[in-house]
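Hi everyone, thanks for coming.

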Amino acid sequence: MRIGALKTSYAADHALFDTPVQRAWLGLGAALLLAFPFVADDYWLYLACLVAIHVIATTGLNILTGFTGLVSLGHAAFMGVGAYTAALMEIRLGAPFLLNLLGGGLMAAGVGVLVGLPSLRVKGLYLAIATIAASFILHFVFQNWSTVTGGIAGLSVPPARILGIELARPAALYWVILPLAGLSVLAAANLFRTRIGRAFIAIRDRDISAEILGIPLLRYKLMSFGLSAFYAGLAGGLFAYFFRSITPESFPLVYSIFFLAAVIVGGMGTILGGILGAAFMTMVPEVLKLGVGLASPWLPNAVAILSPVRTVVFGLLIIGFLIFEPHGLAEIWRRIRRFFHLWPFRT
Amino acid sequence: MEGFDPLFFAEVTLAGLGSGALLALTGLAFVLIYKATRVVNLAIGEMLMVGAYLFFAFAAGLGLPAWGAIPLALAGGGLLGAAIERAIIRPMLGESPIAIFMVTIGLGSVLVGLVEIVWSPNPTQLPDFIGAAPVFLGEAYVSRKIAVGFAVACLVIAGFLLAFRTWRGGVALRATAADQAAAYSCGIDVPAVFCAAWALAGVAAAAAGILVGAVGGISPTMGVFGLSALVVVIVGGLDSVAGALVGGLVVGLLEAWSGTFLGGEYKIVATFSLLLAVLVVRPYGLFGTAEIERL
Amino acid sequence: MGPQPAPRPEDAPAGAPSAAATPSLAVAGLSLRFGGLKVLTGVSFDVAPGSITAVIGPNGAGKTSLFNCISGFYRPQEGTIAFEGEAIGRLHPPARARRGLARTFQNIALFRGMTVLDNIKLGRHVHMRTNLLDALVYWGRARREEIEIRAEIEERVIDFLDLNHIRHQPVASLAYGLRKRVELARALAMRPRLLMLDEPVAGMNREETEDMARFILDVKEEWGTTILMVEHDMGLVMDISDHVVVLNFGQVIARGRPAEVTRNEEVIRAYLGAGDVGALRARIEGREAA
């Protein structure tokens, strides 16, 4: 049982991880992630990288949807903008890997701000519908601006290089993707310790009174859109280097729904939720694949129904969590922690 | 314009009006739900798709004639709407509109997946029940399916409008739309009205689905038609029946013209550009009521 | 209900701010309509610096709409609003907040997803410089500012309003009276030059009302903040305000010191219709004597 933590300065009270126990857990987690590539095989490293990419994108969507209260169904399309930008910078300009990632993020942020512009006039659901429109228009651009995007065939991306070292396999990319995911999450956590993060939450909870308290709504909504799209663009850049090939079909509307599901399942408006949701939602198809593998001796068309089953499960997760646990896995996790804090005195 | 052919233009326009009527019918289903329950139902296209597949199941699977399969499919659509309301919308009563909106996104995903599991993801054709002999309006050729679709959609819409005016349940529906609390205190069973609104919307969506399927075939992705319907109601105003009708024709024409004169892939771009323009210029649509905000 | 000519300065009754000092807030000829509905008609009054001015009136008189015009949420069709001599009628709400206009809301508008402390910190928003990049790295300016405002809020606001025990609680879990106090704390964190309180003691019991009255007086005396409040509790209004403006059907029907206003026949009619005028007067005078 934990009794409490004594803090002797405001700085200590503002720390992200405020108890020695938390810091110990954090250290342990970091050590495990460092050791992981040395024990895991390619499949698990592939999954780890994919989870990390999804963590970045989900955290970005969480900033917009979970913290600012604006639903976006264009997140995958923003990711596509980042992916195409990074790929083109690599192919056409031969620019360095990390710069391309930054470029992808910035380009996506610019497009995100543009898509957010209708929030000048409309709010809430209307905006969500505008993001669907943006998603389809971007898909159209990817598909039809063939001289640049390669049309339906898309682009194939050379392997990432840092200091002359080629990062082609998940085992190598792991050392870039994971730290970037860590930094992205840390930056988001930082954001919500400051006035900007507070302004986002205020807009979500009561936008009109936020305005009267001195928060310019349009500027902050656009900032949230831009930042969220930056995260998507960064994830998209990594996606391009990770899969080495991108097509318009890499970023369908369903992928946006995937991220929305990850935010809801993980926990809207919590940093931890973005991590848990991305990991959970990435693992779901893998578990389903496993299930299909087990069922295939008895169910001849099991492989064929894998994709629709996945679609159904995504939808059910969205509905189920919204109805039964709207605060998501993060809340379940919090309850478990609380149980151990009070144990053995209250169960 | 070189080689502008007024007859061809007229034919394209007629085709646009034909699909516009189907859009209007789908928009009506959407507005029905929104007016009564204030739910923005993103799954309207998927409800439409399920309606089309139900007809397919009764007509092709069980081999029923059209006059048997159509009422069964409509009833199935109505049941689906009612079931959705009871199972996943009612538990969300009082939650934020955003949360309920996201529930309907999940619903759309579930419906697509289920249809793919049951009927496979491949597109297919509905058994023909309209015939193929072309219809001529003056000199202009109109595909029979589109003409019949237009006529039936107009009849169904007219039926709905008449019901709202005269039938007791229709009046209860309008009362609930105007003021839930007041309707409740007048002894109107508001939850039942909610359920009825979803059921009726399910019927309307199924009707639209059968017609859309008859014209263009069915596939699990035909729910995309619902996105065009979403544009329709944004253009017309989320809570306006008249808006859905006008919006439907506008979007139908726009899609026909852009699809023919610019190329098929421009259809969706034109539609969604219209959506964005309306959102910026006239956010509550042509006929929608602007929300008055209070502190 | 014809429009009334806006009162000229020389009509101003005793107790109105002296003409010498620039008023903290000067509202002149303000009219607000929603379609055909006239909410405010030719409303004019001044708020003297360092005073407590109360706006009273029956329900639906337009008091909260007046507040909404002053903070910029409603755009009146006619009239001017000047804050410390500067016309602010065309500024956006955030720009008004930056100039030192702070307010509370009739139906408490706290941010449910935040703790008490974060709600109060939000009030400092306009006075902070942290930009997006600072915030993401939380190093240098962001960190410094956060710790600075924390210290300031702890010492000036949280201690002052006695909120120490609940600072880390989510506001959703608080009792009504405490929420009102947190809202006041948030407004105070804005370092207001003019503090607008919309029914600060509505729904409070006697003890809470007395606490709140004490806080309001302390804000005025210790911080020198000018206060404009809407309030229905006539006891509170009589006890602490320096100047009273009476609204009825969107028009100013009386202005002056509390005691003068309560003797105004029109005010009494507005409140009681044709009811028992004598009883109200006796009650109010009894209070004044006490």
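**A walk through chains C and B**

Let's start with strand S10 of chain C, residues 251–256, which is mostly covered, with five of its six residues buried. Before I go further, please keep in mind that this is a predicted model.

So what does S10(C) pair with? Its partner is strand S9 of chain C, residues 243–248, and the two run antiparallel, joined by five bridges. If you want one pair to find on your screen, take C:Val244, whose bridge partner in S10(C) is C:Gly256. Two residues sit between the strands of this hairpin, and C:Phe249 has a positive phi there, near 45°.

Staying with chain C, let me show you a sheet. It is an open one of four strands, in the order S2-S1-S4-S5, and the pairing is antiparallel.

Now for chain C as a whole. It has 11 helices and 10 strands, and of its 290 residues, 44% are buried. Among contacts with a separation of 6 or more in this chain, 69% are between residues 24 or more positions apart.

Let's move over to chain B. The unreviewed UniProt entry gives a "transmembrane region" at several stretches of this chain, including residues 12–33, 96–119 and 224–254. How do these look in the model? Residues 12–33 of chain B are 100% helix and 0% strand, and the end C-alpha atoms lie 32 Å apart. For residues 96–119 of chain B, the figures are 96% helix and 0% strand, with 35 Å between the end C-alpha atoms.

Next, the contact between chains B and A. Here 35 residues of chain B are in contact with 35 residues of chain A. On the chain B side, the elements that give two or more residues are helix H4 (97–119), helix H9 (224–236) and helix H11 (266–281). H4(B) gives the most, with 16 residues. By class, this side of chain B has 29 nonpolar, three polar and three charged residues.

I'd like to finish on H9(B). Is this helix mostly covered or mostly open? Covered: 12 of its 13 residues are buried, among them B:Phe225, B:Leu230 and B:Gly236. What covers them includes helix H6 (125–144) of chain A, together with helices H1, H2, H8, H10 and H11 of chain B. The length of H9(B) also works out: at 1.5 Å a residue, its 13 residues should span 18 Å, and the end C-alpha atoms are 19 Å apart, which agrees.

Key:
Residues numbered from 1 in each chain as written. Chains lettered and ligands numbered in written order. Predicted model: local features only at pLDDT ≥ 70, side-chain atom pairs only at ≥ 80, totals over all residues. Contact = placed C-beta atoms within 7 Å. Nonpolar A, V, L, I, M, F, W, Y, C, P; charged D, E, K, R; others polar. UniProt positions renumbered as here; feature names shortened; annotations may be inferred. Buried ≥ 20, exposed ≤ 12 C-beta atoms within 10 Å, placed from the backbone. Pairing = 2+ DSSP bridges. Expected span 1.5 Å × (residues − 1).
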